[in-house]
Amino acid sequence: MSTHAAASPLAPPIAAPSILSADFARLAESLALADPARDWVHCDVMDNHFVPNLTFGPLLVAAARRLTTAFLDVHLMVERPETLLAGFRAAGADQITVHLEACADPGGVLAAVRATGARVGLALKPGTPLAAAGRWLAGVDLLLVMTVEPGFGGQAFMEDMLEKVRAARAWRESHGARYLIEVDGGIAPDTARRCRAAGAGVFVAGHAIYRQRDPQRALEELRQAIR
Ligand code: DX5
Ligand code: ZN
């Protein structure tokens with residue numbers, strides 16, 4: 001586990017720059033944008049099976065861990081995520097999010113994430129209804145509502161996911177649950193604002209930050225939009 005104490009807040013609203021869209025030859029610079037006192041850093045792990053893309057593993061997360069004290073939000077888009085939990089936690093992940101669709105035994109996998117000491121996230125692809133996660137929602141720290149099909153940055157926000165965010169907020173209220181609601185995919189100031197109104201608390205953004213001329217300013221605009 002990391003020796004860095006997570007300096008980041010757990011109180012929404014939280015902006016989470018996604019390094020998927022960053023220049024990996026300038027990882028230090030990319031991570032320096034994030035303010036450990038208020039932002040998270042989102043790490044997209046893809047295995048070319050669960051999604052048709054391949055990114056990085058614990059080695060890169062460990063490098064990120066050495067470059068920032070910000071809260072590391074690790075999003076696993078992999079099959080059999082249970083086989084990788086210890087490795088990502090040892091690399092310094094503060095939170096590990098698994099996809100419901102990737103788990104043969106979701107309750108077992110979520111308990112295994114908890115046992116690592118990381119915060120526990122559960123992600124839903126756009127086609128997976130909130131009801132499919134109902135059995136596990138009370139026990140997670142974060143519900144990730146994918147607002148694009150997972151796999152690639154730079155896709156268009158799916159408007160109909162706003163309804164899932166509203167449903168997730170309503171479920172949380174009616175069941176006294178505590179999870180944060182995170183949105184991921186096509187998030188920019190305007191879509192973030194609408195997701196915030198619908199109940200989201202954590203806003204992942206790749207292209208809207210790292211593919212802008214001035215990424216630091218773009219991040220500030222996102223922070224302003226979700227205030
Ligand atoms: C997509 C990833 C996202 C990605 C979002 O599968 O989970 O985290 O970085 O990228 P943008 O913000 O460019 O849509
Ligand atoms: Zn992601």
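Q: What covers the buried residues of α2?
A: The cover includes α1 (27-32), β2, β3 and α3. Here buried means under 20% relative accessible area, exposed means over 50%, and partly exposed is in between, with a 1.4 Å probe and protein chains only. The labels come from DSSP runs numbered from the N terminus: helices are H or I runs of at least four residues, and strands are E runs of at least two.

Q: What kind of model is this, and how are residues numbered?
A: This is a predicted model, in which local features need pLDDT of at least 70 and side-chain atom pairs count only at pLDDT 80 or more, while totals for chains, interfaces and linings use all residues. Residues are numbered from 1 along each chain as its sequence is written, chains are lettered from A and ligands numbered from 1 in the order in which they are written, and side-chain values use heavy atoms, with hydrogens and water left out.

Q: Back to α2: which of its residues are buried?
A: They are Leu60, Val61, Ala62, Ala63, Ala64 and Arg65.

Q: How many residues are in the largest nonpolar core?
A: That core has 66 residues. Ile19, Leu76, Val98 and Tyr179 have the most contacts inside it. A nonpolar core is a set of buried Ala, Val, Leu, Ile, Met, Phe, Trp, Tyr and Cys residues joined through side-chain atoms within 4.5 Å.

Q: What is Ile19 in contact with?
A: Leaving aside neighbours within four places in sequence, Ile19 is in contact with Phe24, Leu27, Leu31, Val41, His42, Cys43, Phe56, Leu60 and Tyr210. Contact means heavy atoms within 4.5 Å. Another core, of 12 residues, lies apart from the largest one, and includes Ala16, Leu144, Val148 and Val202.

Q: New topic: at what angle do α5 and α6 pack?
A: The angle is about 30°, and the axes are 8 Å apart. Axes are lines fitted to C-alpha atoms, for helices over the stretch in contact, and angles run from 0 to 180 degrees between N-to-C directions. The two helices, α5 and α6, are therefore roughly parallel to each other. Angles under 35 degrees count as roughly parallel, over 145 as roughly antiparallel, 65 to 115 as roughly perpendicular, and the rest as oblique.

Q: Is the crossing of α5 and α6 left-handed or right-handed?
A: The crossing of α5 and α6 is right-handed. A crossing is right-handed if the near helix is turned clockwise from the far one by less than a right angle, and left-handed if anticlockwise. Leu162, Val165, Arg166 and Arg169 of α5 make the contact with Arg194, Cys195, Ala197 and Ala198 of α6.

Q: And at what angle do α6 and α8 pack?
A: Helix α6 (residues 189-198) and helix α8 (residues 215-226) pack at about 25°, with axes 8 Å apart. Their crossing is right-handed. On the α6 side the contact is made by Pro189, Ala192, Arg193 and Arg196, and on the α8 side by Glu221, Leu222, Ala225 and Ile226.

Q: Is Arg166 buried, exposed or partly exposed?
A: Arg166 is partly exposed, with a relative accessible area of 36%. This residue is found in helix α5 (residues 161-175). The C-alpha atoms of Arg166 and Gly199 are separated by 6.0 Å, although the two are 33 residues apart along the chain.

Q: What about Lys164: buried or exposed?
A: Lys164 counts as buried, at 10% relative accessibility. Lys164 is also found in helix α5. Not counting residues up to four places away in sequence, Lys164 touches Leu124, Lys125, Pro126, Thr128, Leu130 and Val145.

Q: Which residues does Arg211 touch?
A: Arg211 touches Ser21 and Gly206, not counting residues up to four places away in sequence. The residue lies in the loop between α7 (207-210) and α8.

Q: Is the peptide bond from Pro12 to Pro13 cis or trans?
A: The bond is cis, with omega near 0°. Pro13 is found in the segment before β1 (14-17).
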